[in-house]
Amino acid sequence: MSISHLDLMQESGQTDSLDRGWSISFAGCGFMGVYYIGVAACLFQRCPELVHRAARLYGSSAGALLAAILTVSDTPQLGPLHPDFNLMQHVHNFLVRTLPVDAYVHASGRLFISVTRVPDRKNQLLSEFNSNEELIQALICSCFVPFYCGIFPPKYRGVRYVDGAVSDNLPRCDQKKTITISPYAGESDICPQLQYTSQVLVLQQVLAEICQNGFVDALRFLQENGEMFLLSWFCCKVPHYGTQNVPSHPYI
């Protein structure tokens, strides 16, 4: 799926500058989540309204973590997506410590977390939360890789769930007004042009390059779609930056 200029104009009505009609979806990716650090750095530096005004943010597995952070925070801290973290050990404490006390209020109805129901292996999007603990449990369920993260899957409201990527790795990717983001090469709106091999992911220099490529790929998306996108929805422009001048962002 790719968002064309024509799609953006037709679906936004062209005159509705504050139409919150688009969504953003983050694919599951495990420790390739370092790519999302670069994407987030670019979007918040060049076009923060693309995130702030999105009607819905979808995410699966590690993508759900980033979607949650972007949903409830104006200045996201992306520590748990760094490959040095043991996600299942650190994510709960990190979220308890950093989420606003009313995070679940902001997330309900806007954040959609992809999980896989254990009894029937069906996908489910969790979007209603009565407390921060429920929100955190939903995120842990979406990131739980069986056997790698433990033997017994976590529960959300009494039902056991595992990694959302098992059943739906890129939620709502079939909707034209959903901007899809993935660290894997393919047809997502923001993605690498070349695929990385798993053998080299342990190299720190390569991880830094993946992070930088996330920034560059997001910038490319804004360059190719941003002017029409912003004119039709925000009534402002994204300046054109050459990728050779992209600065090293603060997360590397």
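Author: Accessible areas here come from the Shrake-Rupley method with a 1.4 Å probe. The model is predicted. On that basis the protein exposes about 11,800 Å².

Reader: What's the secondary structure count?

Author: Eight helices and seven strands.

Reader: Contacts next. Of those with a separation of 6 or more, how many join residues 24 or more positions apart?

Author: Such pairs account for 70% of them.

Reader: Let's zoom in on Ser114. Where is it?

Author: Ser114 sits in strand 3, which spans residues 111-117.

Reader: Buried or exposed, and why?

Author: Ser114 is buried, because its relative accessibility is 0% and buried means under 20%.

Reader: What does Ser114 touch, beyond residues up to four places away in sequence?

Author: Its contacts include Gly59, Ser60, Ser61, Asn123, Ser142 and Asp168. With Asn123 there is also a side-chain polar contact of 2.8 Å.

Reader: How far is Ser114 from Ser127?

Author: The two are 9.3 Å apart, C-alpha to C-alpha, and 13 residues apart in sequence.

Reader: You listed Ser142. Which helix has it among its buried residues?

Author: Helix 7. That helix covers residues 132-143. Ser142 is buried there, as are Leu135, Ile136 and Cys141, among others.

Reader: How many of the 12 residues in helix 7 are buried?

Author: 10 of them, so helix 7 is mostly covered.

Reader: What about its span?

Author: Helix 7 reaches 17 Å from first C-alpha to last, close to the expected 16 Å.

Terms used:
Residues numbered from 1 in each chain as written. Predicted model: local features only at pLDDT ≥ 70, side-chain atom pairs only at ≥ 80, totals over all residues. Heavy atoms only, no water. Helix = DSSP H or I, 4+ residues; strand = E, 2+ residues; numbered from the N terminus. Buried < 20%, exposed > 50% of the residue type's maximum accessible area, 1.4 Å probe, protein only. Contact = heavy atoms within 4.5 Å. Polar contact = N/O pair within 3.5 Å; in protein donor to acceptor, adjacent residues only side chain to side chain. Expected span 1.5 Å × (residues − 1).
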